[in-house]
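Here is a short briefing on one protein model.

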Amino acid sequence: MLLLGCIKEVSDYELVISLPNGLSGFVPVTQISDAYSKMLSMQVAQGELLEDLNSLSDMYSPGTLVRCIVTSVEKSADGRRSIKLSIDPRKVNKGLNASALASGMLLSGFVSSVEDHGYLIDIGVSGTHAFLPRQKAQNYIKAVKRGPDLKIGQNLNCVIVEVKNEGRVVHLSIDRSEVAASFATERQNWTLSNLLPGLVVKARVQKVAPLGIKVSFLSSFTGIVDFMHLDPEKSMNYSPDQVMKACILSVHPTSKVVRLTLRQSFLHPGGSPNQLSNDRMGAVVEESTVKAFYKQFGAIFELDDGTLAFARLKHLSKTRKSFKPGVFKAGCKHKCRIFDYSLMDEMCIVSLKYQVIEARFLQYQDIRTGDVVQGKVFALKPIGMQVKVADGIRGLVPSMHLADVILKQPEKKYSIGDEVRCRVLECNPGGKKLILTLKKSLVQSKLPVLSNYEDAKPGLITHGFVVCAKEFGCIVKFYNDVKGLVPKNELSSEPISCPDKVFHEGQVVKVMVLKCEPQQERLLLSFRLSSKSAPEDKKECTPQQKQEVKYQIGEMVDVKVLKKKHNGLEVSILEDEGNVIAWIPTVHLSDFVVNCKLLCHCLQEGDVLPRVMCLSDKGEHITLSRKSSVISAVQEEQVVQSFSEIQPGMLLTGYVRNVMPFGVFVEFPFGVTGLAPKVSMSDKFVTDTKDHFVVGQTVIAKVMSIDEEKQRVLLNLKVSECTSGDSAAESFALLNQYFKEMKEIRNLLRRRGEPSVARGLCELVPGKELQLVVQDVKEDGSALFSGSCVTGLTVTATRYHLGDKNVVPGEKTKALVLHVDALTSRVYVSLREELLKRRPKQVCVQRTPSTLPSCST
């Protein structure tokens, strides 16, 4: 079905379109035009922003009329219909062909290319090249004030000025005066198969009825003007044979019913409907006067400022049974509330329902972070609970926020339709995103709501919730994603050696702000509410970074750990007497992904790390790396310092910067980056890139090609392509580095606060034979074990590694260590006879393309 619509909202990924009769539809970003979709695909494939690709908000604004076609109508869980639309000219103008084009026709077109003397316009007609001369666009460009040029993907109302070669070439104009004066005539040979919404025609009244009028136009066509699209100034003062201008609103594809409007805003193409003032949305009108009542549809009212409003039948009373038609005679007055506005009908949409008039919220914009709201449980899902706050407003309560404690079976506590009282954690009206909490401690809290870093003044006491408890302390979150750190020494007046055993994820806590840096979004907190913040003269006791100190990329330094954070270590450089602060990201602690987390977990404040390399020194941020492969590449000058040094065929050592569905971005020392497309990532077929690579992973990449003009590098990460020739020597060097790091990790574990567990982890190595006792056999066939040599550790054997043995609790057995996970204190063992007899040595296996080897038995 073809419709004339008006843009109501513009977001990054779709246009919200107002349709006739109070309906709304959505145009996805992929349904704009063929040229725009191709540019989107190119940007996704390259993983970089294209200069010529403009966002929807750069090209479209609310109030603009557009021709659309319905692509689908879907029904949501609550019974509402979602109308999907397209404004692609190939779909909207599909009824047109080259031979049907004629001078004076008004068509929708989209800019597909910017040329020296004008623009190529896509009008969706196969075999036709449409050209817009630059001089025919200047008037329009100046009026819309969106830059010196039209943009690819921009929607235009185009008038055909000239047709050449039987429609194969047409010249267009978008001059505002020419567009506004355009008229559909019989000479243009319009047919029912290619008739378009938005055309202005001369219409003759055939019949006047209570619900509208029937008209004829373009000699042989008939159409309907319903009561909502009569000219309000003329009301029902129409008579047969009366001639007036009308605009086509919609064309039904099967019934061929054509609907038109007589409203003045639509009678000049290129115009814009009247809009509602922002301060009127949500307003309660004490006395609105009934202008007309239609028993099958609803009633039209005149509001206190003279504007017209429409109330659908279901909004005239609380229930159908309580509805009394007699109170809606012309002239009767009623109290109502404006809850929407139809641009295409130029009418407010109102409700007389008491619950709507008294409602606290009508749209997402009405809700503020920290508000306490009432809602009904709408759905229970694995990620959390959906709550209906009002008609058209839904929020999500994440699983962690269903109660003060984590609920394993929320369906036992909540049922669909239950009334719940929540607090708003985050509200994004633009994205229609609402995050709620049901934690009583937060909902009932009388303390100030902390929703931005600027409000976090030292001494402020408020409620938050723990999102992470680690050895270094706790991360506490507040409203609007504001979060801060409670360091280990501020957790309690008494020392706490293992914060993760005292605090748990989701726990509501009362905290005091010690220090805040709003621009860096850094927040230092304390659970010790009675403690005083440090005096000003003592706050400079920690090392500060000196602007005058500069470090060269590749320079080796020794550092001391100052502070542990969830994503890395804050360190001081010893060469500068500890007065320079630097940063080692967790992913740069090792070449081996598994060792990165282990090292970050084991290292403590005060530990010294020798021979760390400066990776970058940008402004206030010095970033360091302990990746041995990267350090070796820099020291042996097997790196490129600029794009101009890159040559196809080079083997370069780098690290994964980003993993996208279409490929992997790799960064090298000195800041040069490249893309390894999905097809060049592995010798095996890649289904999901995230199954093969993680951010920070060390890789060896081969340069496939370079694009000097666009400064782009394409890489190959296939193992078969990325070896220098002596793969055995490379593998043994990596294996040797892995064992050195594991030895370092064992030494760190021995210094930790759990001597028995640490000692056990250090003594257990892959290949060691153990005497164990079966503790439990699980439903999935796996088994748990205990023993004096594994006290405090979780020992597991999978169903496969039990072999053909039917073990029972209490049974003694021999087992071989397969893998030791020091981070979780888990040990994986095997009872298979073939492994126990062979007592295998450690071997090095390359598991995934371009990753450094990891050890297994």
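Rings of Phe, Tyr and Trp (its six-membered ring) pair if their centres lie within 6.5 Å. This is a predicted model. By that cut-off, the structure holds nine aromatic pairs.

**Aromatic cluster**
- Ring pairs join F227, Y294, F297 and F310 into a cluster.
- F227 and F297 make a tilted pair, with 5.9 Å centre to centre and 45° between the planes.
- F227 sits in the loop between β13 (221-226) and β14 (243-251), and F297 in the loop between β16 (284-294) and β17 (298-302), so this pair ties together parts 70 residues apart in sequence.
- F227 is buried, at 10% relative accessible area, whereas F297 is partly exposed at 38%.
- F227 also pairs with F310: the centres are 6.1 Å apart and the planes stand at 50°, so this pair is tilted.
- F310 belongs to strand β18 (residues 308-312), so its pair with F227 ties together parts 83 residues apart in sequence.
- F310 is buried, with a relative accessible area of 6%.

**Barrel**
- Five strands form a closed barrel in the order β41-β42-β43-β45-β44, with mixed pairing.
- Neighbouring strands of this sheet are turned by 50° against each other on average, direction ignored.
- Strands β44 (residues 812-821) and β45 (residues 826-830) run antiparallel and are joined by five bridges.
- V820 stands opposite V827 in β45.

**Cavities**
- The count is five cavities of 30 Å³ or more.
- The largest cavity holds about 140 Å³ of space.
- Its lining has 15 residues, and the closest to its centre are L4, L65, N157, G198 and G270.
- Elements giving two or more residues to this lining are β4 (65-75), β6 (106-114) and β9 (155-164).
- The lining of the largest cavity divides into eight nonpolar, six polar and one charged residue.

Methods. Residues are numbered from 1 along each chain as its sequence is written. This is a predicted model: local features need pLDDT of at least 70, side-chain atom pairs count only at pLDDT 80 or more; totals for chains, interfaces and linings use all residues. Side-chain values use heavy atoms; hydrogens and water are left out. Two strands pair if DSSP finds at least two bridges between them. Helices (H or I, at least four residues) and strands (E, at least two) are DSSP runs, numbered from the N terminus. Axes are lines fitted to C-alpha atoms, for helices over the stretch in contact, and angles run from 0 to 180 degrees between N-to-C directions. On a 1 Å grid over the protein atoms alone, a cavity is a set of points where a 1.4 Å probe fits but cannot get out, and a pocket is an open set with protein on both sides within 12 Å along at least five of seven lines; lining residues have an atom within 4 Å of a point. Grid points are joined across faces, edges and corners, and a volume is the space filled by probe spheres set on the points. Ala, Val, Leu, Ile, Met, Phe, Trp, Tyr, Cys and Pro count as nonpolar, Asp, Glu, Lys and Arg as charged, and the others, Gly among them, as polar. Rings of Phe, Tyr and Trp (its six-membered ring) pair if their centres lie within 6.5 Å; planes under 30 degrees apart count as stacked, over 60 as edge-to-face and the rest as tilted. Buried means under 20% relative accessible area, exposed over 50%, partly exposed in between (1.4 Å probe, protein chains only).
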